[in-house]
Each structure stands twice: as structure tokens, then as C-alpha cells.
Amino acid sequence: MLDCVFCKIAAGELPATKIYEDAQFVAFLDIRPVQPGHVLIIPRSHYENLTATPAVIVGRFFQLAQKIASAVIQGTGADGCNMTMNNGRAAGQVVFHTHIHIIPRKDDDGLGTWPQLEYQGNAMQEVAENIKSALKVLDLRS
Ligand code: 5GP
Ligand code: ZN
């Protein structure tokens, strides 16, 4: 896709510090890492984000992500890793080409995790019902 930085990296038109590539996927270091060894994995084909990516590609994508996560942990001496996808502008996505972040974490790195809320009243049941209804519609389509 024109003007997509990750398509250009996949095509070799922009430089990247690659750690893995095959016919379908490329993995490379994030240019502005949360921690050293922060890896991005992309499918070579352009899809805007996870929800727009065909399920058959998502399956292979996550299998590869599992393997690369192990290598990132071992290769950086990390104690664990975060694997995150920012899907949509509201979630912080700035490059609209499907990618997953693998971020090595140390026990004492001080980065913490998400802030968390508490449900009030029936809010937990209501949101669960809404998600279940959406899931039924998606199941009918697949
Ligand atoms: P997101 O879209 O999930 O917020 O994150 C996009 C990520 O891509 C950012 O962490 C950013 O640092 C990284 N990024 C953006 N442009 C480039 C680039 O040209 N090369 C590399 N290696 N990473 C990039
Ligand atoms: Zn792209």
C-alpha cells in the first residue's frame, strides 16, 4: 500500500533491523523501543489491523509471535514479555498495518501494567451480554 511505512519495510524499500523474515512475515526491532529488544512482527500483506486480517493469516501470525517471544526473552535475558496490539487510533495505533509488539520485561523494570477499574452495579453483566451478542453475529458469518 502506498505510503505505508511497514509495507515499505516488508518490500525492502526502507531499512529495518530485521530479526526474522519468511514469505509471509517480517520481524524487526522497533525504532523507538519501550525496552531494548522490542520487536514488531508484521504480515507482508497490508491489512489495517487485527480485525481486518484474514483468520488464516492470524493463526500463523500468532504461532510465529509465540516463537519470537521466546527468542526475545532468551536473547535479551528478560524475565517475561508483553505482547500487545494497538488496534485502532483509540488504542494508540499510529501505523495502520497489522503488527504485534513484543516487549521484553524485567522483574524490576518499573514499567508496571494497565491501570484497572472496578465495575459498578450491573455493568459487568451488561457488557458481557453485549459482547456475547456480538460474538453470535460473528459466529453466524464465519
Ligand atoms: P502502534 O501503531 O502500535 O502505536 O506502533 C507503531 C510502532 O512502530 C511504534 O512503536 C514506532 O516506534 C514503530 N515505528 C514507526 N515507524 C517505524 C520505522 O520506520 N521503523 C521501525 N523499525 N519502527 C517504526
Ligand atoms: Zn502496509
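In this predicted model, a polar backbone atom of Val95 lies 2.9 Å from an oxygen atom of ligand 1. Such a polar contact is a pair of N or O atoms within 3.5 Å. A polar backbone atom of Gly92 is 2.7 Å from an oxygen atom of ligand 1. A nitrogen atom of the ligand is 3.3 Å from a backbone N or O atom of Ile31. Of the 520 Å² of accessible area that ligand 1 has on its own, the protein covers 82% (Shrake-Rupley method, 1.4 Å probe).

Local features need pLDDT of at least 70 and side-chain atom pairs 80 or more, while totals for chains, interfaces and linings use all residues. Residues are numbered from 1 along each chain, chains are lettered from A and ligands numbered from 1 as written, and side-chain values use heavy atoms, without hydrogens and water.

The shell around ligand 1 holds 16 residues, each with a heavy atom within 4 Å. Asp30, Gly92, Val94, His99 and His101 are the closest. By class, nine are nonpolar, five polar and two charged; Gly counts as polar. Helix H1 (5-10) and strand E2 (25-29) each supply at least two shell residues. H1 gives the largest share, three residues. Helices have at least four residues and strands at least two, as DSSP runs.

Three aromatic pairs are present, with ring centres within 6.5 Å (planes under 30 degrees apart are stacked, over 60 edge-to-face, the rest tilted). Phe6 and Phe28 have ring centres 5.5 Å apart and planes at 75°, so this pair is edge-to-face. Phe6 lies in H1 and Phe28 in E2, so the pair ties together parts 22 residues apart in sequence.

Methods:
A polar contact is a pair of N or O atoms within 3.5 Å; within protein, one must be able to donate a hydrogen and the other to accept it, and residues adjacent in sequence count only if both atoms are side-chain atoms. Rings of Phe, Tyr and Trp (its six-membered ring) pair if their centres lie within 6.5 Å; planes under 30 degrees apart count as stacked, over 60 as edge-to-face and the rest as tilted.
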